[in-house]
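Colleague: I'd like to learn how to read a few features of a fold. Could you walk me through them?

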Amino acid sequence: MEEKFSHEYIVIGCGATGFSVVKELVRKGKKVLAIDISKERVEVLRDENYDAIVGDATDESLYQDIDFSKVSIVMVLTSDTEANKRAVEIVRSISKDVFIIARSQSSKTKEELEQAGADFVVVPSEAMKTIVLEVIRKADTYRKLKLLAKVIESCRGRLGIFTHDNPDPDAISSALALKEIARYYGVEADILYYGDIMHQENRAMVNLLEIEMLKADEVDLSIYDKFAIVDCSKPGVNNSIPQNIHISIVIDHHPAEDVMADFVDIRTDVGACATILTEYLKEMRITPSRTLATALFFGIKTETNNFKKNTRTADFLAAAFLYPFVDHELIEKMEGPAISTETLDVLATAIKNRQVYSSFLISFAGYITNRDVLPQAADFLLRLEGISTVLVFGILKDKVYISARNKDVRINIGEVLKRAFGDVGSAGGHAHSGGAQIPLGIFGEVTDRDALAKLVTEAIKKRFLNALGVEVKE
Ligand SMILES: [Mn+2]
């Protein structure tokens, strides 16, 4: 034979797997050469107009007729792992550049094939497992959404959707998505919140997207037939929702136990609550409006600190789904609001009052009027050189508010805060961020501001460092 084979793809081993790969590639207009040891198989392939030759994968002379400068991928797909290994070795010795995909019967031999020169090894049983798990996940979602629809449809009046207090973009966008979903099922809903929308970014989001939200303490809650709660899971925990209110729907991504409702979806393996709601829209085939897509995207983006903090595959997938519907100019506007003078003042106080113990930083941010400035100050201080864990606290009315940030992989800051302050207040969070609230009452009757600040600082410092296992010399 004078002319060499010059195909872009070569498939060695044309059993069920190889054959279907050949068919699919040719259907996509690719030039494929199929090689198999069985004459009968090759004849079948040729009858169907595929380029096919008979050859033994382990026979070096087989490869002499192939022009490897034209080949981009060689797929070694016989069911004989040893033969595949030998074939990979031969192909690799002929061409360093060609991309080799090889099939391995078990995950044990996967490494051997990689060492022989395969760029990618397929283990059928593993691939099967992945597919089955994916189908299970889909079936779970399907079942969940059917239940959610049932609960919403059983609503005979309006649905009240609570966020946590001082809602952030993750909570606001999640509530907005649930409102849209309720409307899809013919139920009107209102977004309800306690506290304030304080953080500049959050205010900008609500204003620019014209999201309607009602202050819960200014409405008559008895007008609602059912209630939902997003981005938190229980009345009274991280929110001011009256404890006697019956909640029908709970959607959250914070760890929680014993949550009672007709519909509960708590996933701790996603970075944002907005990711869960985006999955609902996707599965329900609801195309998000520009406003909703922009809100959810902003929710995921800010909650994961621009996809850097606690971001999972699901968050990326949700963001990718939303992306084409997002108004990116608005996102830019929401991200760039001016820093308020109060934030600047608190930041200045926190910087001035910082106390550093090895890589831990503790700071009293003063008497504040807006607790949302604390996480911002903590984020800022975490950028200091040599600092991996930050705790910032401030006093507001009758409580001490604590916000902590951590980038030390050995520390779960949420757990540390629970250990340090769980017995005197409420505390919790994730590995990277957490918060706590302590009633000032535990510090007794001290009314002098400076004396109280000193007392609180000492107590918090001691408890926090103790929980971290740091010895402090007095
Ligand atoms: Mn959240």
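Modeller: Happy to! Let's begin with sheets: two strands pair if DSSP finds at least two bridges between them. Strands (E, at least two residues) and helices (H or I, at least four) are DSSP runs, numbered from the N terminus. This is a predicted model, where local features need pLDDT of at least 70 and side-chain atom pairs pLDDT 80 or more, while totals for chains, interfaces and linings use all residues. Residues are numbered from 1 along each chain as its sequence is written, and side-chain values use heavy atoms, leaving out hydrogens and water.

Colleague: Which order do the strands take in the open sheet of 6 strands?

Modeller: In general, strands of a sheet pair through backbone hydrogen bonds, either parallel or antiparallel. Here the order is 13-14-15-16-18-17, and the pairing is mixed. Strand 13 (355-357) and strand 17 (426-429) each have a single partner strand, so one side of each is left without a neighbour in the sheet.

Colleague: How do strand 17 and strand 18 run, and how many bridges join them?

Modeller: They run antiparallel, joined by 4 bridges, with strand 18 covering residues 433-439. Gly-428 has Gly-435 of strand 18 as its bridge partner.

Colleague: Which helix lies across strand 14?

Modeller: For contact, look for heavy atoms within 4.5 Å; for angles, axes are lines fitted to C-alpha atoms (for helices, over the stretch in contact), and values run from 0 to 180 degrees between N-to-C directions. Helix 15 (residues 449-468) lies across several strands, including strand 14 (360-367), to which it runs at about 155 degrees.

Colleague: Now strand 4: which way do its residues point, and are they buried or exposed?

Modeller: Buried means under 20% relative accessible area, exposed over 50%, and partly exposed in between (1.4 Å probe, protein chains only). In strand 4 (residues 73-76), Ile-73 and Met-75 point one way, Val-74 and Val-76 the other, and all are buried. Strand 4 pairs in the parallel sense with strand 1 (residues 9-12) over 4 bridges, and Val-74 is the bridge partner of Ile-10. Another 4 bridges join strand 4 to strand 5 (residues 99-103), also parallel, where Val-76 stands opposite Ala-102.

Colleague: Is Glu-279 buried or exposed?

Modeller: Glu-279 is buried, with a relative accessible area of 16%, and its place is in helix 8 (residues 273-283). Beyond neighbours within four places in sequence, Glu-279 is in contact with Arg-137, Arg-267 and Ala-314.

Colleague: And how does Ile-136 look?

Modeller: Ile-136, in helix 5 (residues 124-153), is partly exposed, with a relative accessible area of 44%.
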